[in-house]
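This briefing is meant for a reader who is meeting the structure for the first time. Please look over the sequence and the model below, and then read the notes by topic.

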Amino acid sequence: MSVFDYTTQPGFDLISETPNAGTTVDPKEVQLWFGPQHPGITGNMSVQLWLEGDTIKRGITHVGYLHRGFEKLMERRKFIQSFPIVCRMCVAEPDTTEYLLASSLEELSGLDQAVPEKGQWLRTLVMEMSRLQVTLMVMGGQVGTMGMGTAPNWTYTLRDFLLDSFEELTGGRVYHMYITYGGVRRDLTPGFAQRLEATLDRIEERLPYLDDLILNSAVFQQRTQGVSVVPAEWADELGITGPVLRAMGVARDTRRDYPYLKYPELDFKVCTATGSDIYARTQVRRAEIAESIHIIRQILQMMPQEGPYCAKLPNMLTWTIPAGSTYVRAESSRGEMGFVMVTDGSDTIRRVHLRGPSYTNAVTILERMLPGMNIADLSATMVSLQTCPPEIER
Amino acid sequence: MFDINHGNLDDSPDVGQEIVRRIHDRFGDFPARFQKADLVRLDVPQKDIIPVLSWLRTETPFVQLTHLTAVDWLEDGQFELMYLVTAPDLMVSLHLCVRLDRAKAEAESVFNLWLQAETYEQEINEMFGIHFPGSPRQGVPFILEGWRDMPPMRRDFDTVAYCDRTHPVRPGREHQDSRVYVGRKFGEKGYLK
Amino acid sequence: MSLKNVIAPFSAWARAVQKPFTVPTAETFRPGADRYRGWHINDTEQCIGCGTCSDICQNSAIDMKPVDEPNKGDSGLRPLVDYGRCCWCALCVDVCPSGSLGLSSNYIWIDRDPDVFRYIPGVDRKEWDSDEKGWRKDDGFNLVDPDRVPMPMMMPVEDRVKTWAEVVLGYTEAEARAEAARCVECGLCVAACPAHMHIPDYIAAIRDGHYDVAVNHIYDNNPLPEMCGKVCTRRCEDVCSIGVNGDPLAIRWLKRFATEQFSDLSAVLSHEQPQIGTGKSVAVIGGGPGGLTTAFYLAVRGFKVTVFEALPQVGGATFFGIPKYRFPLGSLEKQIKLMTDWGVEIKTNHKVEPDEFKQLQQDYDAIYIGTGLLKPSSLRAEGEDLPGVMPAIEMLIDHHLGKTVEVGQHVVVVGGGNVAIDAARISRRLGAEVTIAYRRRLEDMPADYEEIEDAEAEGVHLMTQNIPLRVEQLPGGRLDFIWGPAEMISEGGGRPRPKLIEGIENHLAVDKVIVAIGQKPDLRWLPADVAEQISNSWGGITCDENGMTAAPGVFAGGDLVNSTADAISAIADGLKAVDGIINYLGLGTKP
C-alpha cells in the first residue's frame, strides 16, 4: 500500500501542524486550549485560543477527538447494518439521521411509495419528540454555561420524562434505532399517547417558571443581549439554518419549505426572533418548545390507530439498490440536516455524507466570531450555535 | 434576481426546469436529471464547473452552498465532486456533479465564492487527497491529526486491515459460519470439482 | 433592566421544598420498559443455529459456537454474544428466522472480570432468561422476506387436464433472482439434503445472475438436477430457516431454473477430476437415479462404466414413475445425453439374468445394483384379483412406454403417496372421473403437498380415512368398490393410526380400481446364492457405510437399500457407492 504523506502536499508549509509555530510570540498573549476536557465545551472538541487579558484575539477550532469514520464504515456494510451507525452521528438527536438514512435509500430503491401511513405518522412523532427533547436540553445547557444550575436541572428532568416515552416506544433511551427502511420498527404501545400527553402537560406546566429563570432573568438578559451577534449577511453565504437563522428574523424551516413526512398536514408556525444574539436564539428555542408540544398533540390526535407501521421489506441481507444519488433534508433542532446518498447498484452504500448545521457553525462561524469576544461568553456562544462535534467529524 | 435575457426566475412556474434551461443556454447541454420537486442533478464537465458556480452565486438566487463532498469512483479512475447549491427563497437545490481525474486529483477552489468552502475543501483534501489550490487550509489536518496513511475515504483504503492492525479482536473469539460448519459436519463434498 | 426581571429568578425558591424526581439507583432497581433492549435471551429449543443473527450484526459481536446438545435438524451452533462489541440494536432479534432470540428488559450486570460479558444466551444460564419483558420479534417488521415468489402455472386449471404439457411454467429470470435473494445462506438445507447438495452456493450464484456457476455447483453432487428441480421430495425446504415463520425458499424451482438455462450442459460444465479409474470397469445394473449417479461420477474419473437397463429407456422411476406433465421426457434425455457424452455406456432393453450376473462379476471390477422396487404390494382385500383392479406401477409403466391404458369413466385410486397422485392425475387426463381413497387424514398423506393441491385443482376427489373392504364385480363390467370409514387412534408416541369403524359399508361404482399402496423389492433376477447373501428380512439389500453389500465388490443403493425411497436418496446412495468403489479398488486417498 502506498503511504500518503500529507506533509508533501502543497500548502502544508503554510500552516504546519501547530498553527502558531514560527510566528512571533507576543509577550502579552496567552495561548489557551479550551477543551477537549472542559465542562464548558460542547462535547469532545476544543478551541485553541490566543488571549489578551480576557479578550480573545483569535482562535481555531479543533475536532477529531470523536472521529469514528461513520461514513467510511457505512460504505463497508449492508444497508440494514448502517442503521445502528447513523444514530451516533448526533448523540442527542438520533432520529433525524435515522430518518435521513431511511428516506434517502427508500428514495433510491423505490421503497418510499410503500411506507405505510401509520409508519409516516410514527416517524413524524419521534422526529418531533426528538426536537423537543434536544431543545429542552439546549435551553438548560444555555444557562448552565453561565453558571446557573436550577434551570438545567429542570430541563434535563423534563427531557428525561420524554426519554421514558422513547424507551417505551423504541426500547432505548438515547439511541432509539427506531426509524428504519419502510417505516418504523414497532407499533405504539397501549396507552402510550396518554402517558406522552401527561409528560407534555408536565413540560407545559413548568415553562412559565423556566421563563422566569431564563428569559425573564435580568442576569441572563445582561449576559446574552447583544452578545455573539451573527451578522445577517452571513445567512445565505454560509448556509445558516435552524434557530441561528430564525433568530435573525428569517422565517425559514425545512419542515415547511421542503415538506416531508406528515408536516404538510400539521399546523405549526415558524418561530422567529430579532437581534441574532444569544438571547434571540434562546427566545426561538423557547418558542419552539411550545410549538413542538403543539405539533405532538396534533400528531397524537391525527395518527391512525390501526394499520401496518412498516412496509414489507426484501431480504435485508441481500438487498441491492440501483445506482443513483440524492440529497434528502430534514429539520433537526439545530437546523437543516441532510444526507447526500450515492449508491452504485451493489448491496452497500457507495458514499454517504452528512450535512449538518454544526459543520459551519462550529468552524467557519465560530472562528470568525472569536476575535474580540470575552472568554466568559465562549461557552454560551457555542451552545447557542448548538455545535455538535460528532456531526462535524462523523 | 432579474436576468435581462430571461426575466425573473422567481416568476417561473418550475424553477428547476427554468434554471437548467438557462444553464444549458449559457454553458452547454449538460445532462440533467430532475429527481424531485426540490432537487435537480446536473453532470458538469470540469472546465465548466467554476463558471457555472460563479454565475449561480452572483447572478441567480442560488446563493447558498449547502454542502460539498467527494465520491471515489475507483473503478473509473475518477473522483466526483458534488456541489449542492440552493436557492433558499425558491426552495430548489442543484446538485452539480463533476468528475475529476483520480490520478491528478486536483480541482479549483470555490473558497472565494463561499467562505465555508474552506472547511469542506480542507476535509476533502484530508479524506480523499484531492487538492484545491488556493484554498486556505489545504494540508492542514482537520480531523486526522498525525495521520500518515493514505487518505482514508479513498476506496482503496482497507478499513478492515486497518482495524485488524489497530484494534485487534480480543483473544478467544472463534466464529463458525453455519454454512461452512454444516457442510463440513454432514460430509458435504463435490464430486465434479 | 427592570426590577421584575431581577426578582423573577427567585420564583424558583418556591420549589425548594418539593420532592426530587431523581431515584437513588444504587438502592432502587428501575425496571426497563416492556420493550427495553437489554441482555440477550435465546430459546435454545426453538433456535436452529442458522447464524443469521451473526450475519446481520454490524459490530461482529456474535460468534456461532458448537454446542453439546443440538436439536435434530439444526446446525449444532448457537450464538455467543460479546458485550465488548454489542450495541443493543436488536437487529439480531428482528432478523431471527425462528424467533428464538430476544432481548430481556434487564440492563444491569456488574462484574469485575471483563471476560464474563460474553456468553451463549440460553445455554449459559442467566437470571434474566425467564424475563417476560424486553425486545421481541414483531410480526409487522421482518428483515427477511417470508413470502415466496409464486410459481406461474399453466392456466386455467380446467384446461390442464386436457393436455400432457408441463403444468408448472418455471420462474422467469426476474422471478428466480427475486426468489434467490430471499436466501440467508445458513446451510441447514445442505445437511437435510440426502446428497448434501451445495444449495446456498448455487442460490447465491442465481441471485447474482451467474447461472453457469450455479449449474456447476449443482452438478457437483447431482447428475439429474433438472429431474430434481422438478420433482424432488425437497427435504431441504422442510428445514429452510426462512420456512420456520414463512414460506421456505423454492429451492427446487431455483435448481430447475438454473438447469433450464442451458440446452447444452457440456458447454458450461467442466471438471478437473484425476483419471484414477483408467483401465477399471464397473457394471451398473438398473438405470435409475442411483445407478446413473454412480455411472456418471465414475465415468468422470476415467472408469469404463456400463449401465444395464431392462426397459427401453433409462431413468428408472424418474422415467416411468413421474408423469410427463411434471417431468417431460426432453428434460431427462438432456441429462442422459451429458452422461453418454462424458463416457457412460448405456444398454437398454437388457435385463440381467442370474447366469449373466455371474459373468458380470468376472468381467467387471465392481458391480452396482439399483433395480428399485417393482413388485406391487397387494390390496389385501377380497376381489383384488378381479379384472379391472390394477397396480398403479404397471399402469404408469405401460402409459410411459406408449401403450394404451384403459381407465374407463370412473376410477378409484387407493393410496396416498406420490404414485397414487400421479396415477390419479394421469387418469384425469385420460378422461376419467377420479377418486382417491386414503386410509389416514389429508395431513398424513406422504405425497408432496403441492401435488395434492394440484390434483384437487384438477378435479381429483379426495376421500380420506377410507379403508377398502372388498371389490365386487357389477353387471356390465363395472366394479363395486366397498369401503368403510376409519377413525384415527393415537397410541404411544407414533403417528395416529386408522381403525375401521365396524358395521358401515359404503359403495362406489367404478370402472377401475388402481392400487397404489407401495411396491416391494424383487430380486429373482439374481443368482439364488447371491440373493441369499445380500438380501435382508424385507427383501431389500443391506449395505455397509461404503454402500457395499455382503458380497465383495457388489454395491447397491436406491429404493432397494434405503427406507425413504425417493430419487434424491438414490442419488445419495449412488454418491456413496462412488466413494465406496474407489476405495474398494484401492484408488482412493483413504487407507
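**Overview**

The secondary structure of chain C comes to 20 helices and 21 strands, in what is a predicted model.

**Chain C**

- Along its principal axes, the C-alpha trace of chain C spans about 120 × 65 × 45 Å.
- Chain C has 591 residues, and buried residues make up 57% of them.

**Where chain B meets chain A**

- This contact draws 63 residues from chain B and 56 residues from chain A, and the area buried between the two chains is about 5,100 Å², with carbon and sulfur atoms giving 52% of it.
- Between chain B and chain A there are 7 salt bridges, and one of the side-chain pairs that meet in a salt bridge is R137(B) with E367(A), at 2.6 Å from N to O.
- The interface of chain B and chain A also holds 25 residue pairs in polar contact, counted where both residues have pLDDT 80 or more.
- On the side of chain B that touches chain A, the elements giving two or more residues are β3 (32–36), β4 (39–43), β5 (64–73), β6 (78–87), β7 (92–101) and α3 (117–128) of chain B, and the largest share, 9 residues, comes from β5(B).
- By class, the residues on that side of chain B divide into 30 nonpolar, 17 polar and 16 charged.

**Where chain B meets chain C**

- Here the contact takes 23 residues from chain B and 49 residues from chain C, and together the two chains bury about 2,800 Å², 46% of it on carbon and sulfur atoms.
- Of the area that chain B buries against chain C, 31% is supplied by R173(B), Y191(B) and L192(B), which is more than any other three residues supply.
- Between chain B and chain C the count is 4 salt bridges, and D201(C) forms a salt bridge with R179(B) in which the closest N and O atoms are 2.8 Å apart.
- There are 21 residue pairs in polar contact between chain B and chain C, with both residues at pLDDT 80 or more, and the side of chain B that touches chain C has 7 nonpolar, 7 polar and 9 charged residues.

**Nonpolar cores**

- The largest nonpolar core has 209 residues, and those touching the most other members are L101(A), L125(A), Y181(A), F339(A), I206(C) and V413(C).
- Helix α4 (residues 117–144) of chain A gives this core its largest share, 10 residues.
- Not counting residues up to four places away in sequence, L125(A) touches L169(A), L188(A), F192(A), L196(A), I296(A), I299(A), L300(A) and M303(A).
- Another core, of 77 residues, lies apart from the largest one and has L49(A), L51(A), M382(A) and A70(B) among its members.

**V244(A)**

- V244(A) lies in helix α9 (residues 242–246) of chain A, and V244(A) counts as buried because its relative accessibility is 1%, where the cut-off for buried is under 20%.
- Leaving aside neighbours within four places in sequence, V244(A) is in contact with V230(A), R281(A), N361(A), S384(A) and L385(A).
- V244(A) and L385(A) are 141 residues apart in sequence, while their C-alpha atoms are 6.4 Å apart in space.

Methods. Residues numbered from 1 in each chain as written. Chains lettered and ligands numbered in written order. Predicted model: local features only at pLDDT ≥ 70, side-chain atom pairs only at ≥ 80, totals over all residues. Heavy atoms only, no water. Core = buried A, V, L, I, M, F, W, Y, C linked by side-chain atoms within 4.5 Å. Buried < 20%, exposed > 50% of the residue type's maximum accessible area, 1.4 Å probe, protein only. Helix = DSSP H or I, 4+ residues; strand = E, 2+ residues; numbered from the N terminus. Contact = heavy atoms within 4.5 Å. Buried area = accessible area lost by both parts, 1.4 Å probe. Polar contact = N/O pair within 3.5 Å; in protein donor to acceptor, adjacent residues only side chain to side chain. Nonpolar A, V, L, I, M, F, W, Y, C, P; charged D, E, K, R; others polar.
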